[in-house]
Amino acid sequence: MGTLEASGIDDCRFCQIANNKTDTEILLSDDELVCFRDMKPGATHHYLVIPRMHISNCKTLKMDNIPLVERMEQMGRRILETNKVCSLDDVRLGFHLPPFSSVPHLHLHALAPASKMNLKSQLRYGQQSYWFITVDKVLSQLKTHGKVK
């Protein structure tokens with residue numbers, strides 16, 4: 001499943017969060033995934049969903065990772081629902097494409113309301129962003145091509 005990186009995991013900020021080695025508040029978690037607030041929010045509601053297992057980024061995903069990505073999306077939607085986001089039609093769920101990933105550990109951004117994001121956030125996470133790919137596109141490419149193009 002994805003690219004496992006045994007070396008350097010101790011240095012990965014998100015691996016530390018997933019293993020409860022930081023004071024980051026965990027909002028949702030299960031055996032496979034962890035959800036917490038983004039440190040630099042791009043919207044009123046901005047959460048990250050990460051796998052506990054170290055996977056570098058969305059470009060390392062393969063067809064057998066489809067269930068993982070679907071569960072990440074479900075957790076992203078669940079945290080938005082839990083926080084009473086007005087409209088689940090006004091959200092952005094997706095990943096940054098390398099080399100534009102701030103942390104080299106797969107993380108799904110769940111942002112809302114998308115319509116209220118400022119210009120800087122629109123450039124990073126909006127529909128016209130060159131370095132942000134929606135979870136729907138990731139799943140479509142994995143199902144069609146077995147990888148993220």
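Lys-84 sits in the loop that runs between α2 (66-82) and β4. In this predicted model, the backbone of Lys-84 takes a positive phi of about 55 degrees, although the residue is not a glycine. Is Lys-84 buried or exposed? With 68% relative accessibility, Lys-84 counts as exposed, because the cut-off for that class is over 50%.

Asn-20 gives you a second case to look at. Its phi is also positive, at about 55 degrees, and Asn-20 is not a glycine. You will find Asn-20 in the loop between α1 (13-18) and β1 (28-29). The relative accessibility of Asn-20 is 59%, so this residue counts as exposed.

## Two cis peptide bonds

If you check omega along the backbone, two places are worth a stop. Pro-98 and Pro-99 are joined by a cis peptide bond, with omega about 10 degrees. Pro-99 belongs to the loop between β4 (92-96) and β5 (108-112).

A cis peptide bond also joins Ala-112 to Pro-113, and here omega is about -10 degrees. Pro-113 is found in the loop that leads from β5 to α3 (119-125).

## The overall fold

How many helices and strands does the protein chain have? There are four helices and six strands. Followed along the sequence, they come in the pattern α-β-β-β-α-β-β-α-β-α. The radius of gyration of the protein chain is 14 Å, close to the 15 Å that the globule rule gives for 149 residues, so the chain is as compact as a globular protein of that length.

For a sense of the dimensions, the C-alpha trace spans about 40 × 40 × 25 Å along its principal axes. Of the 149 residues in the protein chain, 47% count as buried.

## Leu-108, a buried strand residue

Leu-108 is part of strand β5. Its relative accessible area is 0%, and Leu-108 is therefore buried, since that class takes in anything under 20%. The C-alpha atom of Leu-108 is separated by 8.6 Å from that of Val-69, a residue 39 positions away along the chain.

## Salt bridges across the chain

Now to the charged side chains. Side chains of opposite charge can pair when their charged atoms come close. The structure holds four salt bridges, and three of them are described here.

One of these pairs is Glu-25 with Arg-37, whose side chains meet at 2.9 Å, N to O. Glu-25 lies in the loop between α1 and β1 while Arg-37 lies in strand β2, so the pair ties together parts that are twelve residues apart in sequence. Arg-37 has a relative accessible area of 43% and is therefore partly exposed.

Glu-32 forms a salt bridge with Arg-71, and the closest N and O atoms of the pair are 2.5 Å apart. This pair links distant parts of the chain: Glu-32 is in the loop between β1 and β2, Arg-71 is in helix α2, and they stand 39 residues apart. Glu-32 counts as partly exposed at 23% relative accessibility. Arg-71 is partly exposed too, with a relative accessible area of 33%.

Which residue meets Glu-70 in a salt bridge? The partner is Lys-143, at 3.7 Å from N to O. Here again distant parts of the chain are linked, with Lys-143 in helix α4 (residues 135-145) and Glu-70 in helix α2, 73 residues apart. Lys-143 is partly exposed, its relative accessible area being 48%, and Glu-70 counts as partly exposed at 29%.

## A patch of positive charge

Which residues gather in a patch of positive charge on the surface? They are Arg-13, Lys-40, Lys-120 and Arg-124.

Lys-40 has 63% relative accessibility, so it counts as exposed.

Notes: Residues numbered from 1 in each chain as written. Predicted model: local features only at pLDDT ≥ 70, side-chain atom pairs only at ≥ 80, totals over all residues. Heavy atoms only, no water. Patch = residues over 30% accessible without salt bridge, like charges linked within 9 Å, V, L, I, M, F, W, Y side chains within 5 Å. Areas by Shrake-Rupley, 256 points an atom, 1.4 Å probe, with all protein chains shown as cover. Lys, Arg positive; Asp, Glu negative; His and termini not counted. Charge placed at Lys NZ, Arg CZ, Asp CG, Glu CD. Buried < 20%, exposed > 50% of the residue type's maximum accessible area, 1.4 Å probe, protein only. Helix = DSSP H or I, 4+ residues; strand = E, 2+ residues; numbered from the N terminus. Rg over C-alpha atoms; globule rule 2.2 N^0.38 Å.
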